[in-house]
Amino acid sequence: MSKQSYRIAVIGGDGTGPECTAEAVKVLKVAAKRFNFKLDLTDFDFGGARYLRTHEVIPDSAVDELRKFDSILLGAIGHPDVKPGILEKGILLRLRFDLDQYINLRPVKLYPGVETPLRNKGPADIDYVVVRENTGDLYTGAGGFSMKGTPHEVAIQTSVYSYHQVARALRYAFEYTRARGRKKTLALCGKTNVLTFVYDLWERVFHEMGAKEFPDIKREYYHVDATCMWMVKNPEWFDVIVTGNMFGDIITDLGAITQGGMGIAAGGNINPEGVSMFEPIGGSAPKYTGQGVINPLAAVCAGMMMLDTLGQKQAAQTIEQAVMDVTAHKLKSLAAGKMGYSTSQVGDLVAERVAG
Ligand code: IPM
Ligand code: MN
């Protein structure tokens, strides 16, 4: 039997994205060798530099080209010479939408040895997952201006959700909670007291679907403002949180800082029936470009999530164990320039451990 093989598109992106992605690829290659699968990697130069050169964010053929891959590994998008919004919308959001990556999966897990700003909390307390809906809400671009540039200007930006979008995100979240097999508790994070249309829909579908299809999963509801409080005060309450796109964006940055920040936090833009894309949650940190001081672990963790989603569970677990060993016993800090190792040395530390 020929061994399992995966076609992976690699978009290193801007700033420190490519150097972090290189370390993730290093670790993935070692994992492939050890666990006997094959990776066929293709690089794409999408990002700020290409845009400044060609005046085109991504070619129109790019999305169809990317559809041919099993998965996408993304570094970071964001260039100091490009106006904010152009690359984010033109690359990141475009791919999320066009590839219908309707789930943004963001684990919030504190690894051993990692400092958290939450006093008296440790790895046993901070270990939950946020399922952020990734295609609707304020992100659809519905809205506009009228009387722009006058004192009577009006700007409208609307939260948009269809039953279909809500139901598929909730079903994924229930199934994920069941498969995770921990507290079997799914918390809906909303704002039913104010957003009485959008989160009314979410809440109705949540309880209907939960009662009918997932009676083994306990359901909880929190308003988004309260969610932020409890994520700080009692993170151990959470198992899986499901929420809309905008709240999900906000609460996952809060979650990320409680797990040690942008040096470690990773996420997956998932289309369970299509092509998914994995990325560090943080930005391109352009000021550190090329210095070899940036922490590549978030990119390594993105690669780990990619393997998990592709079905290489053992390889993914081995990478996570290796990362935990490195945070627990090697790194002085997760911050750029303070790790006690260079970017590529951190990649080597993980790779050695994955090699076994
Ligand atoms: C994220 C980012 C993006 C988002 C930006 C860059 C468009 O903040 O992945 O969380 O808002 O989704
Ligand atoms: Mn964000």
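A nonpolar core is taken here as a set of buried Ala, Val, Leu, Ile, Met, Phe, Trp, Tyr and Cys residues joined through side-chain atoms within 4.5 Å. In this predicted model, the largest such core has 86 residues. Phe 37, Leu 73, Trp 202, Ile 319, Val 323 and Val 350 are the residues with the most contacts inside this core. The element that gives the most to the core is helix α9 (residues 297-310), with nine residues. Because domain 1 (1-102 + 272-356) and domain 2 (116-259) both give residues to the core, it lies between them.

Turning to the strands, 10 of them form an open sheet with mixed pairing, in the order β2-β1-β3-β12-β11-β4-β5-β10-β8-β9. The edges are held by β2 (38-44) and β9 (218-223), each of which has a single partner strand, so one side of each is left without a neighbour in the sheet. On average, neighbouring strands are turned by 25 degrees against each other, direction ignored.

Within the sheet, β1 (residues 5-13) and β3 (residues 71-76) pair in the parallel sense over five bridges, and Ile 11 has Leu 74 of β3 as its bridge partner. Helix α1 (residues 17-35) lies across β1, β2 and β3, and runs at about 145 degrees to β3. Helix α7 (residues 224-233) also packs on the sheet, where α7 touches β5 (127-133), β8 (185-190), β9 and β10 (240-243). The direction of α7 makes about 105 degrees with that of β9.

Terms used
Residues are numbered from 1 along each chain as its sequence is written. Chains are lettered from A and ligands numbered from 1 in the order in which they are written. This is a predicted model: local features need pLDDT of at least 70, side-chain atom pairs count only at pLDDT 80 or more; totals for chains, interfaces and linings use all residues. Side-chain values use heavy atoms; hydrogens and water are left out. Two strands pair if DSSP finds at least two bridges between them. Helices (H or I, at least four residues) and strands (E, at least two) are DSSP runs, numbered from the N terminus. Axes are lines fitted to C-alpha atoms, for helices over the stretch in contact, and angles run from 0 to 180 degrees between N-to-C directions. Contact means heavy atoms within 4.5 Å. Buried means under 20% relative accessible area, exposed over 50%, partly exposed in between (1.4 Å probe, protein chains only). Domain bounds come from an automatic or database domain assignment.
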